[in-house]
Amino acid sequence: MSGTIGSNILSHSGIIAESAAGLSWSSTIVTGSTVTVEAGKGYWINTTSNACTITLPSSAAAGDQIVISDYARTWGTNKITLDSNGLNFQGQDDTYTVEYTTDGQSVNLIYSDSTKGWIPLEDDVVADEPVATLQKAAFAFGKNGSDVLSVKNLISSSGVVAADVNGVGTARHALAAASYGGDKGVFAYGNGATNNSSFLNTKNLMSNSGVIAANVSGVGTARFYVAALGYGTDKAIFAYGENSSNATVGMSNLVNSSGVIGSDVTGVGTVRRYLGEATYGGDKAIFGYGNTGNDPYSMSNKVSNVGVVATDVSGVGTARFFISGAGIGGDKGIFGYGTEDNSGFVSMTNLVSNSGVIAADVTGVGTERRAGAMSSYSNSA
């Protein structure tokens, strides 16, 4: 469906208002699943049949304007997603997802500067700010002392942990998991015996509705005590660990946006296990600390946004292992806690800057402990 549309815009009060000088409406109703828009234009977006991803210009000048409007009042059924295409949106970089999901909504975007980027001047009263794409989670697998487990517990976006669901793949512990594809997850590797005698190279993909798929075997070297996390906004990486010869390894396996785990990449820094991982810079990752035998390490390895693991950076705080890590502040990270010698525990953290630099120890930050876990939460201050 197409036709010429007059050069006026809808205000959030419902009154037809004069458009800004130079703004003209596209003569074509957008019905596809993707569209790239231009400054100085208005667009009617018809999502009757499908959702639509709208890619904004890759460069913009202060005062540039784009207006988009819900042609068929169906954004509540099939949402629109804005891709800011390398520019900021309300001060957030484009690793965040901007969605509009209200029927009849119109959005009047003005470009401010490189700091704040695109800002909605009007969006029909509803002010949707960038939100992280991953809003739910799942615990899965593990060991309870006498048994290894094949169990999952879904976590809602409000933090409610659901009841056990059993039979979700080979029972195992000391595996790792990461997000991929923007809204899915992958569990991989681990050990299938309480005495640590059954090393696995098995993966289980998790759909965006929390369904864990059947085993897929043969995804690289069998090992456990692996580290894993996402990078590059839609991919993941598994790295390091301990193999069936009880030797620590220095290898990684990349996971593409479809959940396929690649073959081993060896020689990715000092071999070790029990390390931590965190995100930084919006689309990059960093592995830190760990041990081999009884030797703790004070080192890190950055992971680029294309999955390349960098060489060791030594002297990044107190050497320790069984450490935890997570992303914070949208573009920074943090490592915390651990043990120096497997008998004593520490109460300290090390911040990671948005360029991947690990800061000095900050001590006295809660109860001393090791082998905990960290997770990011919330996108608000």
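Strands here are DSSP runs of at least two residues, numbered from the N terminus. This is a predicted model, in which local features need pLDDT of at least 70 and side-chain atom pairs count only at pLDDT 80 or more, while totals for chains, interfaces and linings use all residues. Residues are numbered from 1 along each chain as its sequence is written, and side-chain values use heavy atoms, with hydrogens and water left out.

- E25 pairs with strand E26 (residues 284–288) in the antiparallel sense over 5 bridges; pairing requires at least two DSSP bridges between two strands.
- Thr279 sits opposite Ala285 of E26.
- With 3 residues between its strands, the hairpin includes Gly281, which has a positive phi near 65 degrees.

**Asp283 in the loop**
- Asp283 belongs to the loop between E25 and E26 and is buried, at 18% relative accessible area.
- Leaving aside residues up to four places away in sequence, Asp283 touches Thr95, Tyr231, Gly232, Thr233 and Asn305, where contact means heavy atoms within 4.5 Å.

**The four-stranded sheet**
- An open sheet of 4 strands runs in the order E4-E6-E8-E9, with mixed pairing.
- Strands E4 (34–36) and E9 (98–100) are at the edges with a single partner strand each, so one side of each has no neighbour in the sheet.
- E8 (residues 80–83) and E9 run antiparallel, joined by 3 bridges, and Leu82 has Val98 in E9 as its bridge partner.

Technical notes. Buried < 20%, exposed > 50% of the residue type's maximum accessible area, 1.4 Å probe, protein only.
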